[in-house]
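Subject: Structure handover and findings

Hello,

The structure is below, followed by notes on what was found in it. Please read the notes alongside the coordinates.

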Amino acid sequence: MYYIIFDLEWNGSYSYYNQSFINEIIEIGAVKLDRQLNIVDTFRRMVYPRFTKKLSGRCKRLTNITNEEVKSEGIDFLDAIREFSRWSGGSDNVFMSWSNSDLFVLTHNYLQHTGNARIEFIKRYCDVQKYCMSFIKKEDNPDGNQVSLENCAELFKIDFDTEKLHRALADCYVTAECFRKVYDEKKLSQYVKDCDGAFFEKLLFKPYYITEEEVDGFNVREVELFCPNCEGILDVPEELTVINKAFKGAVTCNYCRKSYWIFIRVKRLYEEFSIKTSYVEMNKKRARRFNQRKKKPYNNG
């Protein structure tokens, strides 16, 4: 069993072929660690882009990769993947990258080329960024934000050449050093995921906001609402409008009689719905007008 730490560089550009924006891989780098965390082999391939023909200015500034380098050294994406698969070897290996964004881009590129999202040779995966962050003290990251590879290396007091970062193989070496610093086999097992078909489907799933009152598995009329003043149960407003991808309505608490604008924002995740509610109390004049209007009988004209 080996730990395969990989890193990708990609060109973010508009693809006229796909009629959409795409992050297309132009470099794959990886290091292979044995059980003693020694680097026993390395891998690097330039990839010639199929969907985007010229590197974006941001890509060139960040990586110092040139169009000439890609053209002279680049090989077809699927050829690079086949070589990467042969090089990594072994179904019990654990693939690792700094955040799962690299795996997302790899899977998305693979889907674009093959029509299949499942990369068969990747059986187990660990987000090494998430693992390393579990060792960072709260005072060093009080907001709990994602920590960049460079910042993590600094926190772990690892010497590295900042000029060489943002090239695939160089980033792999720094990631390996961060991983070595906090290696704990038992704790690591909690972060290693089995990569079945559902894993890759979930990885590529793009959450989106619900703007219809009822869809499969969700009905906004069934959302539980509570008064922020007295914690009494609030009825879902009869009239709902959608503003900035959130349901908006007005309601008066039956217990404390305070009136509120209620905002219900619903996001569809892969296996569930994320529901966030917020309340804005009406001023007395607006609340009085709202409650008077509610008492008026319906007039059909």
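Aromatic pairs come to 20 in this predicted model, counting rings of Phe, Tyr and Trp (its six-membered ring) as paired if their centres lie within 6.5 Å, with planes under 30 degrees apart called stacked, over 60 edge-to-face and the rest tilted. A pair of aromatic rings is described by the distance of the centres and the angle of the planes.

One of the pairs is Phe84 with Phe95: the ring centres are 6.0 Å apart and the planes stand at 85 degrees, so this pair is edge-to-face. Phe84 belongs to helix α3 and Phe95 to strand β4 (residues 94-97), so the pair ties together parts 11 residues apart in sequence. Helices (H or I, at least four residues) and strands (E, at least two) are DSSP runs, numbered from the N terminus. Phe84 is buried at a relative accessible area of 0%, and Phe95 is buried at 0% as well. Here buried means under 20% relative accessible area, exposed over 50% and partly exposed in between (1.4 Å probe, protein chains only).

Another pair is Phe218 with Phe273, where the centres are 5.4 Å apart and the planes are at 35 degrees, so the pair is tilted. This pair links distant parts of the chain, 55 residues apart, with Phe218 in strand β9 (residues 218-219) and Phe273 in strand β15 (residues 273-281). Phe218 has 7% relative accessibility and counts as buried. Ring pairs also join Tyr3, Tyr131, Phe135, Phe179, Tyr183 and Tyr191 into a cluster.

On the conventions: residues are numbered from 1 along each chain as its sequence is written, and side-chain values use heavy atoms, with hydrogens and water left out. As the model is predicted, local features need pLDDT of at least 70 and side-chain atom pairs count only at pLDDT 80 or more, while totals for chains, interfaces and linings use all residues.

Next, the helix packing. The axes of α3 (residues 77-88) and helix α4 (residues 101-114) come within 10 Å and cross at roughly 125 degrees. Axes are lines fitted to C-alpha atoms, for helices over the stretch in contact, and angles run from 0 to 180 degrees between N-to-C directions. The two helices are therefore oblique to each other; angles under 35 degrees count as roughly parallel, over 145 as roughly antiparallel, 65 to 115 as roughly perpendicular and the rest as oblique. The crossing of α3 past α4 is left-handed, a term for a near helix turned anticlockwise from the far one by less than a right angle. From α3, Phe77, Leu78 and Ile81 meet Leu106, Asn109, Tyr110, His113 and Thr114 of α4, contact meaning heavy atoms within 4.5 Å. The residues of this contact are five nonpolar, three polar and no charged. In these classes, Ala, Val, Leu, Ile, Met, Phe, Trp, Tyr, Cys and Pro are nonpolar, Asp, Glu, Lys and Arg charged, and the others, Gly among them, polar.

Helix α4 also packs against helix α9 (residues 197-204), at an angle of about 100 degrees and with the axes 10 Å apart. That makes α4 roughly perpendicular to α9. Leu103, Phe104, Thr107, His108 and Leu111 of α4 make the contact with Phe199, Phe200, Leu203 and Leu204 of α9. By class, this contact has seven nonpolar, two polar and no charged residues.

Two backbone angles may be worth a look. Asn244 has a positive phi of about 50 degrees although it is not a glycine; Asn244 sits in the loop between β12 (241-243) and β13 (246-252) and is exposed at 66% relative accessibility. Arg257, also not a glycine, has a positive phi of about 65 degrees and lies in the loop between β13 and β14 (259-268).

Finally, two single positions. Val31, in strand β2 (residues 20-33), is buried with a relative accessible area of 0%. Beyond its neighbours within four places in sequence, Val31 is in contact with residues including Tyr3, Ile39, Trp87, Leu169 and Tyr173. Val31 and Asp171 are 140 residues apart in sequence, with 9.9 Å between their C-alpha atoms. Ser56 is in the loop between β3 (39-46) and α1 (57-63) and is buried at 17%. Ser56 touches Asn11 and Gly12, leaving out residues up to four places away in sequence.

Regards
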